[in-house]
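Work through the exercises below with the sequence and the model open side by side. Try each task before reading its solution.

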Amino acid sequence: MDMPLFCKQCGNRRLPEYHEVEKTTLWLCTKCKNFVDMEDIIIRDQTDEEREIVKRKQEEFENTTNFPKAKLNRRKGVN
Ligand SMILES: [Zn+2]
């Protein structure tokens with residue numbers, strides 16, 4: 001099966017993501033900020049809201065990977 005793994009506009013890797021609204025998997029180019037369907041047809045641009053969600057997820061990920069031990073530290077002598 002031919003999938004739109006790479007963006008035709010910039011050659012960047014596209015990321016598949018299931019969308020409830022469209023009921024299908026859309027492929028996002030994070031550089032061009034647009035989605036194509038399985039046929040490599042541009043469906044729409046990434047919305048500001050979606051951009052914010054991705055940004056927030058990235059920040060959360062960075063926070064948890066930067067401080068993985070903080071949560072794991074056991075408090076001694078507390079009971
Ligand atoms: Zn692109």
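**Exercise 1. The surroundings of one residue**

Task: which residues does L26 touch, not counting residues up to four places away in sequence? Is L26 buried or exposed?

Solution. Not counting residues up to four places away in sequence, L26 touches E17, H19, F35, V36, D37 and I43. The model is predicted, and these contacts are computed from its coordinates.

Step 1. Count its neighbours. L26 has 22 other C-beta atoms within 10 Å. The cut-off for a buried residue is 20 or more, so L26 is buried.

Step 2. Check one partner by distance. L26 and V36 are 10 residues apart along the chain, and their C-alpha atoms are separated by 5.7 Å.

**Exercise 2. The sheet**

Task: in what order do the four strands of the sheet lie, and which of them stand at the edges?

Solution. 

Step 1. Read the order. The four strands form an open sheet in the order β1-β2-β3-β4, with antiparallel pairing.

Step 2. Find the edges. β1 (14-19) and β4 (42-45) each have a single partner strand, so one side of each has no neighbour in the sheet.

Step 3. Follow the pairing of β1 with β2. Strand β2 covers residues 24-29, and its antiparallel pairing with β1 runs over six bridges. R14 stands opposite C29, L15 stands opposite L28, and P16 has W27 as its bridge partner.

Step 4. Cross to the next strand. β2 and β3 pair in the antiparallel sense over three bridges. Here L28 has F35 in β3 as its bridge partner.

**Exercise 3. Positive phi angles in the loops**

Task: where in the chain do K23 and D40 lie, and what are their phi values?

Solution. 

Step 1. Start with the hairpin of β1 and β2, which has four residues between the strands. K23 lies in this loop. Its phi is positive, about 55°, although K23 is not a glycine. K23 is exposed, with 7 other C-beta atoms within 10 Å.

Step 2. Go on to the hairpin of β2 and β3. Four residues lie between these strands, and K33 in the turn has a positive phi of about 60°.

Step 3. Finish with the loop between β3 and β4, where D40 is found. D40 is a residue other than glycine, and its phi is positive, near 65°. With 15 C-beta neighbours inside 10 Å, D40 counts as partly exposed.

**Exercise 4. The nonpolar core**

Task: which residues make up the largest nonpolar core, and which strand gives the most to it?

Solution. 

Step 1. List the members. The largest nonpolar core has seven residues: C7, L26, W27, L28, C29, F35 and V36.

Step 2. β2 gives the most, with four residues.

Step 3. Of the 79 residues in the protein, 10% are buried. Among contacts between residues at least 6 apart in sequence, 10% join residues at least 24 apart.

**Exercise 5. The helices and the confidence of the model**

Task: how many residues of helix α1 are buried, and where is confidence lowest?

Solution. 

Step 1. The protein has two helices and four strands, running β-β-β-β-α-α from the N terminus on.

Step 2. Check the length of α1. This helix covers residues 48-66, and at 1.5 Å a residue its 19 residues should span 27 Å; the end C-alpha atoms are 27 Å apart, which agrees.

Step 3. Count its buried residues. The number is zero, so α1 lies largely in the open.

Step 4. Read the confidence. The protein averages a pLDDT of 87, and 84% of the residues score at least 70. Confidence is highest in β3, at a mean of 96, and lowest in helix α2 (residues 68-72), at 58. Where pLDDT is low, the predicted coordinates should not be read in detail.

Key
Residues are numbered from 1 along each chain as its sequence is written. This is a predicted model: local features need pLDDT of at least 70, side-chain atom pairs count only at pLDDT 80 or more; totals for chains, interfaces and linings use all residues. Two strands pair if DSSP finds at least two bridges between them. A residue is buried if 20 or more other C-beta atoms lie within 10 Å of its own, exposed if 12 or fewer, and partly exposed in between; C-beta atoms are placed from the backbone. Two residues are in contact if their C-beta atoms, placed from the backbone, lie within 7 Å. A nonpolar core is a set of buried Ala, Val, Leu, Ile, Met, Phe, Trp, Tyr and Cys residues joined through C-beta atoms within 7 Å. The expected span of a helix is 1.5 Å times one less than its number of residues. pLDDT is the predictor's confidence in each residue, from 0 to 100.
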